[in-house]
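Work through the exercises below with the sequence and the 3D structure open beside you, and try each task before reading its solution.

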Amino acid sequence: MKRKGEVIESLKEMALDWKVPDPTNRYCNPGVSEPTEIEYHQHCEPSDLCKIIWNLTECHGVVPPQPYYEACVASGCSERHPSTECQSMQTYAALCGLHGVCVDWRTQANGQCEASCAHDQVYKPCREAKRNTCFSREVATDILPSQNNIPVFVEGCYCPDGKILLNDHDGTCVSVCGCTAQDGSVKQPREAWEHDCQYCTCDEATLNISCFPRPCAISPPINCTKEGFVRKIKTRLDDPCCTETVCECDIKTCVINKTACELGFQPVVAISEDGCCPIFSCIPKGVCVSEGVEFKPGAMVPKRSCEDCVCTDEQDIMTRTNRIQCVPVKCQTTCQQGFRYVEEEGQCCSQCQQVACVANFPFGNVTIEVGKSYKAPYDNCTQYTCTESAGQFSLTSTVKVCLPFEESNCVPGTVDVTSDGCCKTCIDLPHKCKRSVKEQYIIHNNCKSAAPVPVHFCEGTCSTYSVYSFEASEMEHKCICCHEKRSHEVKVELVCSEHKTVQFTYMHVDECGCVETKCPKRT
């Protein structure tokens, strides 16, 4: 339906006919297309929301409800558009408002079609289409024209009672019209304030802001006479909006003479009293200097002479470096055992050189010269000898091994020791008692060893004699026999008849010797 009541089929043509001029919205460019066909169930139960149209009886005389009710039901039953009942109801209420009839249908929708507004605006179901702002309050402009002086009502978000829109851009509601300041706050007409180093006021007639720079005091002329100082314009500390001319140090304008310091000195920087330029100078480090090397106090300073030198904390008045104190070198002339202090030409101190070997014994250390030998008093069989080769000293020991000695094989009274005191010796008996061996089968109780067994035995003669004893006044007989002195048991396996074996034990002779026995008395 067009605004004049003509019913047409084209939705696009109908929508464009309802377009109204809006001077506050320069970007309105409606794009309307023909709607797609709405599919809905033929036997759909109308919602309670669509039935609200029949309660709006005050509008039925100017806007027939039946077409809009059917459209609402069709929207609610559509599978593609199931939530468009609110739009259908809003359309019908808008048509009623255009004909000067106010309907408050949203209060009957039980919260299904709530309208949301900005935080400082409220929803009104019926207000005149003309919406005043602080900038349009003196000019009555009809946004939506009325016919026959019938008011046009439009629902929407409005300022609360007693407030008016500041402008038509941000939707801010104010109690008193004023100017919008740079920070977004609202200033009262004729109100003055300061912003960004400017004085600003709100014009009462136009509600426009006018600003002008805040005046600053003129700085007196200044001359910078000290070295390194130049004139600079800087922001005043007590008034950031104003500047002042000050003298400030600029090291780039200084002529700097850097001085290379000698050993033992270090550079320091000071500021001149009549300016700000740095002055370089050299001061002592508090060290000693010797042959191009610095030494800290307490450090040893090497010298070619036979002196021990140390760096002190005392400063030399002439050189302004620390003094070096030297004392004659004390040589260590006491040497350990086996060494001797040998002086060398061109050396401050000589060294101890080895001249002999040192043998360690339980009773103490013994020095043995090169080429000489030594025997410990408790061991005549070990001889220690010191040798030297290419400056290397070696101590070698030689142990003499004695042959087995059987005193029983000696002629009585002839036992003695060798000349070196290591081994025993004697005059041997004519026929010595000795251990001999023979191999034979062992036969016992008709059992026999599988192989011949080595059987040791003693044979030989010993000293046996008879001599008259003057003390006893009779003949004294001494009988010495060749007898086993050590032996042990040995087991051997014997083979009997029927391949039976038995263990047989016999005495194995380990050592033989002459053993004195009691001579038999003659009758």
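**Exercise 1: a pocket**

Find which residues lie nearest the centre of the second largest pocket.

Solution. Of the 16 residues that line the second largest pocket, Leu403, Pro404, Phe405, Glu406 and Lys424 lie nearest its centre; a pocket is an open set of points on a 1 Å grid where a 1.4 Å probe fits, with protein on both sides within 12 Å along at least five of seven lines, and lining residues have an atom within 4 Å of a point. This is a predicted model, in which local features need pLDDT of at least 70 and side-chain atom pairs count only at pLDDT 80 or more, while totals for chains, interfaces and linings use all residues. Residues are numbered from 1 along each chain as its sequence is written, and side-chain values use heavy atoms, leaving out hydrogens and water. Next, the strands β27 (424-425) and β34 (501-517) each supply at least two residues of this lining (a strand is a DSSP run of E, at least two residues, numbered from the N terminus). Finally, the space in the pocket is about 340 Å³, a volume being the space filled by probe spheres set on the points.

**Exercise 2: a helix**

Check the length of helix α2 (residues 66-77) against 1.5 Å a residue.

Solution. The expected span is 1.5 Å times one less than the number of residues, so the 12 residues of α2 should span 16 Å, and the end C-alpha atoms, 16 Å apart, agree with this. Among the buried residues of α2 are Tyr68, Cys72 and Val73 (buried means under 20% relative accessible area), and the buried residues pack against α3 (85-98).

How values were computed: Helices (H or I, at least four residues) and strands (E, at least two) are DSSP runs, numbered from the N terminus. Buried means under 20% relative accessible area, exposed over 50%, partly exposed in between (1.4 Å probe, protein chains only). Contact means heavy atoms within 4.5 Å.
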